[in-house]
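Here is a brief report on the structure shown below. Please keep the model open while reading.

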Amino acid sequence: MSPPPPNVGLFVTCLVDLMRPAVGFAAVKLLEDAGCVVSVPAAQTCCGQPAYNAGDQADARAIARQVIVAFEGFDYVVVPSGSCAGMIRVHFPGLFAGDAPMAGRARALGERTFELTQFLRDVLQVPDVEAEYRGCATYHDGCAGLREMGVKEQPRQLLAAVRGLELKEGEEAETCCGFGGLFCVKYPDISERIVDGKVDDVLATGADTLLGGELGCLLNVAGRLKRRGSGVRVRHVAEVLAGMTDGPPIGDP
Amino acid sequence: MEATTRNFERNARKALADTKLQEALARLSHGFPAKRRQAIARLPEFEALRDAARDIKNHVLENLDFYLERFETRVGERGGQVHWARDAAEARSVILKICQDAGARTVTKSKSMVGEEIAINDHLEANGITPVETDLGEYIIQIRGEPPSHLIAPAIHLSKDQVAESFKEKHGQFPKDRSLEEPRALLDEARTVLRESFLEADVGMTGANMLVAETGTVVVVTNEGNADLTMSLPRVHIVIASLEKVVPTLDDAATLLRVLARSGTGQEITVYTTFSTGPRRPGDLDGPEAFHVVLLDNGRTTMLGGELHEMLRCIRCGACLNECPIYRAVGGHAYGWVYSGPMGAVLTPVLIGIEHAGDLPNASTLCGKCEDVCPVRIPLPRMLRHWRQRQFEGNQASAASRYGLKAWAFLARRPALYRLVVGPGVAVLGALGRRRGRFRRLPLAGGWTASRDLPAPEGRTFLALWRKRLAGRP
């Protein structure tokens, strides 16, 4: 008898929910293809990063509590974003420093929380995906996914199985794109300089597509690419892995 | 030095528009980090050394009183003297008194960030004593009247043409039509000028990279040898150091040296690493007659045991500056005071008050690269968040961002209400943006659209579509 399929709660993230539901459906497809039962709790809004990074601990804590309550019944929490996954896994426990039972629940949830490609590779050990993409792509490592969650090889290993796709590494793939949540609207001049560096690096690879696992970064870099008149297509890695690239790339009609 | 930290945004804009500065920052961004990576690749045990370095500093901070007293005792046994300074003003008066007692007219200095922190040069000058910086970069910024723009490369913001210009202006003793095209010519001229100061100086002042408790030794690293001439030629040697610089043993010092230069410049070890212990002993061929160590607190003991405790591990290597996307965009002067980059954004608010340095902890994407490269593993992003929390709780964050955040959080904490509000908003933006797929301009989104387009949302939220999908299932 085979073990019961993993019961996965999808934390869709506020940006995917509001801006690009296609990423959420791509994640669902990848998880279901890998044999998971996927649920999407209705009581989710955001992981609380904006409040947390702005120093608003009280609101961050309240939102964290909401996420913990909504998701602790699942075997796993999967997130198509490294920074939201990092928020849950790395930062939630610290928000309940004076509250041992809640801190314990936060830690327990954190241990079962994964970024999407990390979950597919490291937990489910999905060897490859059934997808095709005609193009040459470069990958942007979102900072929190890379440094808090250890997401680096997983998306590349999965992309290697995509037919027709060539992957070219940018020299600055691991360098911040200048998004930084509210940073990019608080310090737009500095953010512009940083995202220009990222755009230059993307263009230097000669790739026609930019992929990444963090929608905030992708909106930022796509927005700058478009402003500079570039035709580089920008997509979330899940869209390509799921073979769901019929809709327009980010920022294109 | 007058802090301009309050003008961070204006400073940053100026820096972004300064093409010479941007060229210099591009050189730095590609230079130091690459050299650091190469140095680390040659040392397989580097990660273990970082742990060891962190542990040494943690141990010292747990037992700071013990090691400082032991250091004081050992310095005394070697014929030197330790002076305790609670703040910058006390440190300045102690140093001035030592200089005056020595009848000093000229004081040579090797680069010291603590010297910058207490603005000792201004104080000496105001009292008729001439301080001469002998580190080339520090000398350049001294004659230009600028603060350092980097922990270990104080004049990194300048091009050689700018340096040549400053030399022509300052060094009237040389022919006006001399060529200063070549870096070598600049170096030779500085050396000629500085050599005289070395010989004239009555007092030599250095900083300290470490203070060794078991021996009373002061460790100073340079790449120019200027600290050696500063401390061995004049009659009096004054060391100015902040008190967290103490380490237990020479072995510990060696461990820290192994991560210091690799992290900062990518060198295995700096060209000069000098251990000096007390004044000249009978029979010594050279060395100072008097040896003073001024130990500065200046708010550091208030960090012990608190949220910023681990910042006291910092060994001032500069790696976090070199790798920081913000520092690389605007350079050190934009930060407006002595310390810059991530370490400055954490430390400056302690030293001059968060109310004077409010932008510093906020001007960060929290990308985490600083913590990633820190040789003593200081959790800098966590500390930047700590300052933001202090500001938020002290109502120091801007009203607009506070109310905006509160309104958003109000919704985010009420999923049902949130759905009612975001659904129509997304639908409107989706409809408006469908034709082009993005917006060039949008009311209230000027911060975003000033420099980039805003990709349009699809028009329905994922959760609404998901509900529909579930309803469509048998």
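This is a predicted model. The contact between the chains takes 58 residues from chain A and 53 residues from chain B. On the chain A side, the elements that give two or more residues are α1 (14-19), α2 (21-33), α3 (49-53), α4 (57-71), α8 (143-147), α10 (183-186), α11 (188-205) and α12 (215-227) of chain A. By class, that side of chain A has 31 nonpolar, 13 polar and 14 charged residues.

**A helix pair in chain A**

Stay with chain A for one packing example. Helix α5 (residues 82-95) of chain A packs on helix α6 (residues 100-111) of chain A. Their axes are 8 Å apart, at an angle of about 170°. Angles over 145 degrees count as roughly antiparallel, so α5(A) is roughly antiparallel to α6(A). From α5(A), the contact uses Ile88(A), Arg89(A), Phe92(A) and Pro93(A). From α6(A) come Ala103(A), Ala106(A), Arg107(A), Leu109(A) and Gly110(A). The residues of this contact divide into 6 nonpolar, 1 polar and 2 charged.

**Chain B as a whole**

Turn now to chain B. Its secondary structure comes to 21 helices and 12 strands. The C-alpha atoms of chain B fill a box of roughly 100 × 60 × 45 Å along the principal axes. Chain B has 474 residues, and 49% of them count as buried. Take the contacts in chain B with a separation of 6 or more: residues 24 or more positions apart account for 75% of them.

Chain B is divided into two parts: domain 1 (68-301) and domain 2 (406-472). The centres of domain 1 and domain 2 of chain B, taken over C-alpha atoms, are separated by 57 Å.

**An open sheet in chain B**

In which order do the 4 strands of the open sheet in chain B run? The order is β8-β5-β6-β9 (chain B), and the pairing is mixed. At the edges lie β8 (246-247) and β9 (272-276) of chain B, each pairing on one side only. Strands of a sheet pair through backbone hydrogen bonds, either parallel or antiparallel. Strand β5 (residues 210-212) of chain B pairs with β8(B) in the parallel sense, over 2 bridges. One bridge can be named by residue: Val212(B) has Val247(B) in β8(B) as its partner.

A helix goes with this sheet. Helix α12 (residues 250-264) of chain B lies across β5, β6 (217-222), β8 and β9 of chain B. Its direction is about 165° to β5(B).

Methods. Residues are numbered from 1 along each chain as its sequence is written. Chains are lettered from A and ligands numbered from 1 in the order in which they are written. This is a predicted model: local features need pLDDT of at least 70, side-chain atom pairs count only at pLDDT 80 or more; totals for chains, interfaces and linings use all residues. Two residues are in contact if their C-beta atoms, placed from the backbone, lie within 7 Å. Ala, Val, Leu, Ile, Met, Phe, Trp, Tyr, Cys and Pro count as nonpolar, Asp, Glu, Lys and Arg as charged, and the others, Gly among them, as polar. Two strands pair if DSSP finds at least two bridges between them. Axes are lines fitted to C-alpha atoms, for helices over the stretch in contact, and angles run from 0 to 180 degrees between N-to-C directions. Angles under 35 degrees count as roughly parallel, over 145 as roughly antiparallel, 65 to 115 as roughly perpendicular and the rest as oblique. A residue is buried if 20 or more other C-beta atoms lie within 10 Å of its own, exposed if 12 or fewer, and partly exposed in between; C-beta atoms are placed from the backbone. Domain bounds come from an automatic or database domain assignment.
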